[in-house]
Structures are given as structure tokens and as C-alpha cells.
Amino acid sequence: MWLFLFTELILFGGLFIVYAVYRFTYSNEFALAAKELDTFLGMVNTLVLLTSSLTMAMSITAIQKQNKNLAMLLIGLTIALALTFMVNKYFEWGAKFSHGIYPGGNELINKTNGEILYFGLYYVMTGLHGLHVIIGVIILSVMLYFIRTDHITKDSFVKLENSGLYWHLVDIIWIFLFPLFYLIH
């Protein structure tokens, strides 16, 4: 599991380096493009993911204390928060698409190279993160099933812990994406 998490860090680390290089090269254009994102919605999504990390950690504690129903409830809350994140992201991307700000869109083509790069990185990095959230929902759904069918118990909860590690990685990646795209102007 740790090796898998390390490869994920290398993947996103590479993207962060690409972002940093272009941010340095096109600092004014990146600042201008960043103003077009909804900071409030980004902050809400940050709070949603941080809360989901809390519920994930609490579910592991609940199963360790033999409280199966609470663990299932907390995993369900984690999944609901992940879906809330994706719904918010859908509306955020939808708003950009409706304004023509998408790869190949008329509005984006008329912007400077720096702004085009900014939105290209925005869609790639947040899209890749969103894919990880969807994978996380699938993994957490399987964990919910395993808890329900007693495949995960007080004495055997490594799968749940590994799922929690994955989910925390997803949250940590967002913690870096949020300031890079929404807060730095």
C-alpha cells in the first residue's frame, strides 16, 4: 500500500513541479486566470474533504471498538461527502464550460498562452483528483460491504486502514490543489 501511495505522490508531485515552472514563467497570466475560479466553492470543497477524512478516521476507530453500525454509518457519511465534493466540482466545471472556458472552447482560445496553460493544468490536475475521488468512493463502498458482511472486524481491519490511507492521500492532494488554483493570485 505504501508503495502505491508513493507512486501517487510521484505522479502529483510531477504535476506540481510542472505547475510551479509555468507559474514562474507566466505569473501575471496565472494570477489573472485564478480570479475566474470560485474561491468560496473551492473552500466548501476543502471543508467537505477534510470532514470526510475525519469520518473515515472515526470509522476505523469505531470498528476497533466493535461498533459495526457506527463504522458503517461513518463510511456512509464519508461516501456522501465524497459525492458532495463531486457534485460541487460538476457545477464548478459546468459553469466554466458554459462560459466557453474549456480545452478548445472559444473563450479559452482567445486568452493568453499563460491563461490557457493555467486552465489546462486546472482541468488535468482537478480532473485527475476527481478520478481519485471516484475510485475512493468505489473502494469505500466495498469496505462498507465488507463491514456489513463481517469481512472487516475488530480483529481484521487492515483493509479498512489501507482504504483510509488512500482517502487521506486524496484529501492531502486537494489541500495542495486548493491554494495553488484558488488562493494564489
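I took a salt bridge to be a side-chain nitrogen of Lys or Arg within 4 Å of a carboxyl oxygen of Asp or Glu, and a search of the whole structure on that basis finds four of them. The model is a predicted one, in which local features need pLDDT of at least 70 and side-chain atom pairs count only at pLDDT 80 or more, while totals for chains, interfaces and linings use all residues. I number residues from 1 along each chain as its sequence is written, and side-chain values use heavy atoms, with hydrogens and water left out.

Entry: overall make-up. I looked up the secondary structure, taking helices (H or I, at least four residues) and strands (E, at least two) as DSSP runs numbered from the N terminus, and I found seven helices and zero strands. Along its principal axes the C-alpha trace spans about 60 × 30 × 25 Å. With contact meaning heavy atoms within 4.5 Å, I note that among contacts between residues at least 6 apart in sequence, 81% join residues at least 24 apart.

Entry: The protein exposes about 9,600 Å², of which carbon and sulfur atoms supply 70%; the areas come from the Shrake-Rupley method with a 1.4 Å probe, and for residues only the protein chains shown count as cover. I call a residue buried under 20% relative accessible area, exposed over 50% and partly exposed in between (1.4 Å probe, protein chains only), and buried residues then make up 42% of the 185 residues. For charges I counted Lys and Arg as positive and Asp and Glu as negative, leaving out His and the chain ends, and placed each charge at NZ of Lys, CZ of Arg, CG of Asp or CD of Glu. The mean positions of the 10 positive and 11 negative charges are 7 Å apart.

Entry: helices α1 and α6. The expected span of a helix is 1.5 Å times one less than its number of residues. Helix α1 (residues 2-25) has 24 residues and reaches 34 Å from its first C-alpha to its last, close to the 34 Å expected, and α6, with 36 residues, reaches 52 Å, close to the 52 Å expected. In α1 I find Leu-5, Glu-8, Phe-12, Leu-15, Tyr-19 and Arg-23 buried, and what covers the buried residues of α1 includes α2 (27-34), α6 (113-148) and α7 (158-183).

Entry: The side chains of Glu-36 and Lys-111 meet in a salt bridge at 2.8 Å, N to O. Glu-36 lies in the loop between α2 and α3 (39-64) and Lys-111 in the loop between α5 (106-109) and α6, so the pair ties together parts that are 75 residues apart in sequence. Glu-36 is partly exposed at 27% relative accessible area, whereas Lys-111 is buried at 15%.

I next looked up Asp-150, which forms a salt bridge with Lys-68, the closest N and O atoms being 3.0 Å apart. This pair links distant parts of the chain, with Asp-150 in the loop between α6 and α7 and Lys-68 in helix α4 (residues 68-98), 82 residues apart. Asp-150 is partly exposed at 49%, and Lys-68 is partly exposed at 28%. Asp-150 follows α6 and has a positive phi, near 60°.

Entry: Glu-92 forms a salt bridge with Lys-89, their closest N and O atoms being 2.8 Å apart. Both lie in helix α4, three residues apart, about one turn of the helix. Glu-92 is buried at 3% relative accessible area, and Lys-89 counts as buried at 5%.
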